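The following report describes a two-chain model, with its sequence and coordinates displayed below.

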Amino acid sequence: MFKDITIGQYYPADSFIHRLDPRLKIIGVMVYIIAAFFVRTYIGMAVLLGLLIAVVAASRLPVRLILRGMKAIYVLLFITFIFNAFLSGGQTEIFKLWIFRLTKEGLQRAVFMAIRLMLLITGASILTLTTTPISLTDGIERLLSPLARIRFPAHEVAMMMTIALRFIPTLMEETDRIIKAQSARGASFDEGGLIKRAKAVVPLLVPLFVSAFRRADELAMAMEARCYSGGEGRTRLHVLKYGKNDAFAGVVLALFVGMIVVDNLVFASAFPFIAGVL
Amino acid sequence: MSIILKEVSHVYSPDSPFEYAALKNVTLTIPDGQYVAIIGHTGSGKSTLIQHFNGLMKPTSGQINVQGIDLCAKKVPLKQLRRKVGLVFQYPEYQLFEETVEKDVAFGPKNMGLSQEEIKQRVLEAIELVGLDVSVLSMSPFDLSGGQKRRVAIAGVISMRPEVLVLDEPIAGLDPMGRREILSLVAAYREKSGATVILVSHNMDDVADIAQRVIVMNKGEVALDGTPQEVFSKSELMRSMGLDVPQMTLLADKLRARGMEVPEGIITEKQMLEFLLDKGVAGCSRT
């Protein structure tokens, strides 16, 4: 029943992207998302899209899976598109209905915004699809570790994220089981009005909370029994190391940033006609 | 009326790297009133199979008919089906949610739309049947002991008076005393209502004791199907599937290896005792 949620899911495969260092992938996605909002020209958009296609090809992810992730945000996309198209002003009017004006500028902005959102979601889901949750949090911990000097609990934050991620499938399974068990007793979760439906959730939520607390208790006990005492002095099984592939990907990322900056500074101001500035 | 499965298959997450066939061409008929045990290694498809009995899962292919209801029809009367087939999940005590035991046991009958008096009567009956005192009715289910919680959870299904009672490892994690109590309450319900009972279990001694028929699942297929005597006599095959045989079958095998002529089909303590007494084995006497 949770089959359609692809955001945050890991897709096991052996590819160039899967093998990259998680730190690099996290930085890459952040850079990409910032770039997506930075870009103001068609050429820039083409560069963004080109990189995305190259990464998807190198990741060996089925395109179907990535498109399925879009399903989760199509409502958001639609609303964003409508708002931007009709409410962003502009001079070149296409048509007008009461107070709603559709302009060329507005339409352009709406298309750009929709593409940006799609790139953003796709970029983020490629990160989680190609990186196991464990190495993802490992990467986050290492990236945050310089902050430990200003007393930021990097290890604790990463540990909490690891535990949260670790328990998502468990709790989903548990939810599924409780839904089934209560349905077996004649409960129905999908009929009646709002109040009836809200009430129907009680037989689901109470056991789920009880079991979440029980699991938390058991896990805390098990961690203590193995002498867990936070990050201080703890060594790790898999030490993250940058390799040849990461160097290559880093260079690609740097080139990409360079292209976006040049596009933004040079093309957008010097040749607005070719670039199609917004 | 009976449960009829024809070439039922179930595939999890088809067309993905997680694709997994949990059931492959299972054909079965379980007549009314039979006491059936389903055994099998972890991941053999037992749990998937029993969830098909009350429509929680739909087969990927094949035909299922349960108590006259066709589960492959376009519109399956699920509520009616679940009234007929009661399913007790593994560790059912984790599904308790109401403030009082009474309300929790009444959840099923209430969903059936019964009258207040009828519900009250059924709750009382179910609580007595599972061997709990009526004084627990006003208690919170979370204040009970583990064994009591499980009995309350089973009462919550029995109160719906199902024609078919399916239990997924109802004795897992209980001490010998608790196991006997749960099994005897299941037997009591069966005697009283004439219901079909389908029990998933790992405990071969209990299965040998109580079941009329044993179905062995292996890798999503029915590997063996017959009386406990028939099934457990194939101890080599059972072991190759990662399953145990009853203690007494093991003992009979050992005695045979030492040269004693032990007949096939001894699977319970009682049978073994009878045999040894008839043989007049030294040290055994009828006292």
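## Basis of the description

Helices (H or I, at least four residues) and strands (E, at least two) are DSSP runs, numbered from the N terminus. The model is predicted: local features need pLDDT of at least 70, side-chain atom pairs count only at pLDDT 80 or more, and totals for chains, interfaces and linings use all residues. Residues are numbered from 1 along each chain as its sequence is written, while chains are lettered from A and ligands numbered from 1 in the order in which they are written.

## Domains of chain A

The domain assignment of chain A gives domain 1 (1-131 + 242-278) and domain 2 (157-236); such bounds come from an automatic or database domain assignment. Taken over C-alpha atoms, the centres of domain 1 and domain 2 of chain A are separated by 34 Å.

## The pair α2(A) and α6(A)

Two packed helices are described by the angle between their axes and the distance between the axes. Here the axes are lines fitted to C-alpha atoms, for helices over the stretch in contact, and angles run from 0 to 180 degrees between N-to-C directions. Helix α2 (residues 22-38) and helix α6 (residues 104-130) of chain A pack at an angle of about 180°, and their axes are 10 Å apart. That makes α2(A) roughly antiparallel to α6(A) (angles under 35 degrees count as roughly parallel, over 145 as roughly antiparallel, 65 to 115 as roughly perpendicular and the rest as oblique).

Two residues are in contact if their C-beta atoms, placed from the backbone, lie within 7 Å. From α2(A), the residues K25(A), I26(A), V29(A), Y32(A), I33(A), A36(A) and F37(A) meet R116(A), L119(A), L120(A), G123(A), A124(A) and L127(A) of α6(A). By class, the residues of this contact divide into ten nonpolar, one polar and two charged. Ala, Val, Leu, Ile, Met, Phe, Trp, Tyr, Cys and Pro count as nonpolar, Asp, Glu, Lys and Arg as charged, and the others, Gly among them, as polar.

## K25(A) and its surroundings

A residue is buried if 20 or more other C-beta atoms, placed from the backbone, lie within 10 Å of its own, exposed if 12 or fewer, and partly exposed in between. K25(A) is found in helix α2 of chain A and counts as buried because it has 23 C-beta neighbours inside 10 Å. Not counting residues up to four places away in sequence, K25(A) touches L20(A), L127(A) and T131(A).

K25(A) and T128(A) are 103 residues apart in sequence, with C-alpha atoms 9.7 Å apart in space. G250(A) and K25(A) are 225 residues apart in sequence, and their C-alpha atoms are 9.4 Å apart. G250(A) belongs to helix α11 (residues 244-270) of chain A and is partly exposed, with 16 other C-beta atoms within 10 Å.

Expected helix spans are 1.5 Å times one less than the number of residues. Helix α7 (residues 133-144) of chain A has twelve residues and reaches 16 Å from its first C-alpha to its last, close to the expected 16 Å. Its buried residues are L136(A), T137(A), D138(A), G139(A) and E141(A), and the buried residues of α7(A) pack against α2 and α8 of chain A.

Helix α10 (residues 202-225) of chain A has 24 residues and reaches 34 Å, close to the 34 Å expected. P203(A), P207(A) and L208(A) are the buried residues of α10(A); they pack against α8 (154-184) of chain A together with α3 of chain B. C227(A) follows α10(A) and lies in the loop between α10 and α11 of chain A. Although C227(A) is not a glycine, its phi is positive, about 65°. With 6 C-beta neighbours inside 10 Å, C227(A) counts as exposed.

## Chain B and its contact with chain A

In the contact between the chains, 21 residues of chain B meet 16 residues of chain A. Helices α2 (78-84), α3 (101-111) and α5 (146-158) of chain B each supply at least two residues of the side of chain B that touches chain A. That side has twelve nonpolar, six polar and three charged residues.

Helix α5(B) is mostly covered, with eleven of its 13 residues buried. The buried residues of α5(B) pack against β6 (85-88), α3, α4 (116-129) and α6 (176-193) of chain B. R161(B) is found in the loop between α5 and β7 (164-168) of chain B. Phi of R161(B) is near 50°, a positive value in a residue other than glycine, and R161(B) is buried, with 20 other C-beta atoms within 10 Å.
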